[in-house]
Amino acid sequence: MFKAILFDLDNTLLDFLTFKKETAKAAAKAMIRQGLNATEIEVYGKIFSVYDEKGIEYQKTFYEVVKQYNLEINKAEKIQQAGILAYLKRKFEVLKPYPSVVPTLRKIRNNGIKIGIVTDAPRNKVWQRLILTDLENEFDFVITHSDTLEFKPHPSPFNLALKKLGVLPNAVLFVGDNPSRDIKGAKEIGMKTCLARYGQVFKSKESADYELNKFEDLLKVLE
Ligand SMILES: [Mg+2]
């Protein structure tokens, strides 16, 4: 029935929250090891406060955390760089797709259904994440924030996907974890919607046509 399925990336295909929690723990530990006078739980909390305030893609998180301790500049730099390196090292270990993502996507594609990504993440980060998780060749196309410079639920990224697909919106299913961005935006453009409950961080009253408790449930939706 659907000619195409569009996916959000973070917390829909990739277990992004586990990745952010694990990397924050590793960074906190490394910064304390290099002399930051604080507890792990305190530094972890400060990292997530920066994410809450500046967004989870903010690129100067560790700088903002270390700055709060008013350290001598070389000591601050040493601690900040230790945090960044520990974050990166842990990132390579823990960033993973949810279970069954790849076999499920392949079954869908083998049925002649086109699949694409529509994400609010920046283009360089998206390709890093896809290559790290071996997902880089699994999709017909990838639309990032850099392509339209608009965040979901703005219609631009959804319209760009429809243009690439050349199908009517009601032939498209959008799968995402964020009700007020993914579900709202897809619904407003006339797509069918599917909430990835297993990755849902933000609560909302926005309801979807379908819900997934695990990724492979998507195959039942398509039956
Ligand atoms: Mg998401």
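1. Leaving aside neighbours within four places in sequence, Gln-80 is in contact (heavy atoms within 4.5 Å) with Phe-62, Tyr-63 and Val-66. Gln-80 belongs to helix α4, residues 73-94; helices here are DSSP runs of H or I with at least four residues, strands are runs of E with at least two, and both are numbered from the N terminus. With 13% relative accessibility, Gln-80 counts as buried. The cut-offs are under 20% relative accessible area for buried, over 50% for exposed, and partly exposed in between, using a 1.4 Å probe and protein chains only.

2. A word on what you are looking at. This is a predicted model, in which local features need pLDDT of at least 70 and side-chain atom pairs count only at pLDDT 80 or more, while totals for chains, interfaces and linings use all residues. Residues are numbered from 1 along each chain as its sequence is written, and side-chain values use heavy atoms, with hydrogens and water left out.

3. The protein chain is divided into domain 1 (4-15 + 97-222) and domain 2 (17-94), with bounds that come from an automatic or database domain assignment. Their contact takes 10 residues from domain 1 and 7 residues from domain 2. Taken over C-alpha atoms, the domain centres are 30 Å apart.

4. How much area do domain 1 and domain 2 bury between them? The figure is about 710 Å², with 45% of it on carbon and sulfur atoms; buried area is the accessible area (1.4 Å probe) that two parts lose on being put together, summed over both. On the domain 1 side, Asp-15, Arg-129 and Leu-132 lose the most area to domain 2, together 57% of what that side buries.

5. Between domain 1 and domain 2 there is 1 salt bridge, meaning a side-chain nitrogen of Lys or Arg within 4 Å of a carboxyl oxygen of Asp or Glu. Glu-57 and Arg-129 form a salt bridge whose closest N and O atoms are 2.8 Å apart.

6. By the salt-bridge rule, the count comes to 18. One of them pairs Glu-22 with Arg-90, with 2.9 Å between the closest N and O atoms. This pair links distant parts of the chain, since Glu-22 is in helix α1 and Arg-90 in helix α4, 68 residues apart. Glu-22 is partly exposed at 22% relative accessible area, and Arg-90 is partly exposed at 26%.

7. Thr-23 also sits in helix α1, which spans residues 16-33. Is Thr-23 buried or exposed? Thr-23 is buried, with a relative accessible area of 0%. Not counting residues up to four places away in sequence, Thr-23 touches Tyr-87, Arg-90 and Lys-91.

8. Now to helix α5 (residues 101-110), where Val-101, Thr-104, Leu-105 and Ile-108 are buried. They lie on the same side of α5 because they cover an arc of only 100 degrees around the axis, judged by the directions from the helix axis to the C-beta atoms. What covers the buried residues of α5 includes β1 (4-7), β2 (114-118) and α10 (218-222). Just after α5, Gly-112 takes a positive phi of about 80 degrees.

9. Asp-140 is in the loop between α6 and β3, Arg-109 is in helix α5, and the two are 31 residues apart. Asp-140 is partly exposed at 35% relative accessible area, as is Arg-109 at 30%.

10. Strand β4 (residues 172-176) holds Leu-173, which counts as buried at 0% relative accessibility. Not counting residues up to four places away in sequence, Leu-173 touches a set of residues including Phe-2, Ile-5, Cys-194, Tyr-210 and Leu-222.

11. Some backbone spots deserve a look in your viewer. The peptide bond from Lys-152 to Pro-153 is cis, with omega near 10 degrees, and Pro-153 is in the loop between α7 (145-148) and α8 (155-165). Asn-70, a residue other than glycine, has a positive phi near 50 degrees; Asn-70 lies in the loop between α3 (61-67) and α4 and is exposed at 71% relative accessible area. Asp-134 is not a glycine either, yet has a positive phi of about 60 degrees. Asp-134 is placed in the loop between α6 (123-132) and β3 (141-143) and counts as exposed at 57% relative accessibility.
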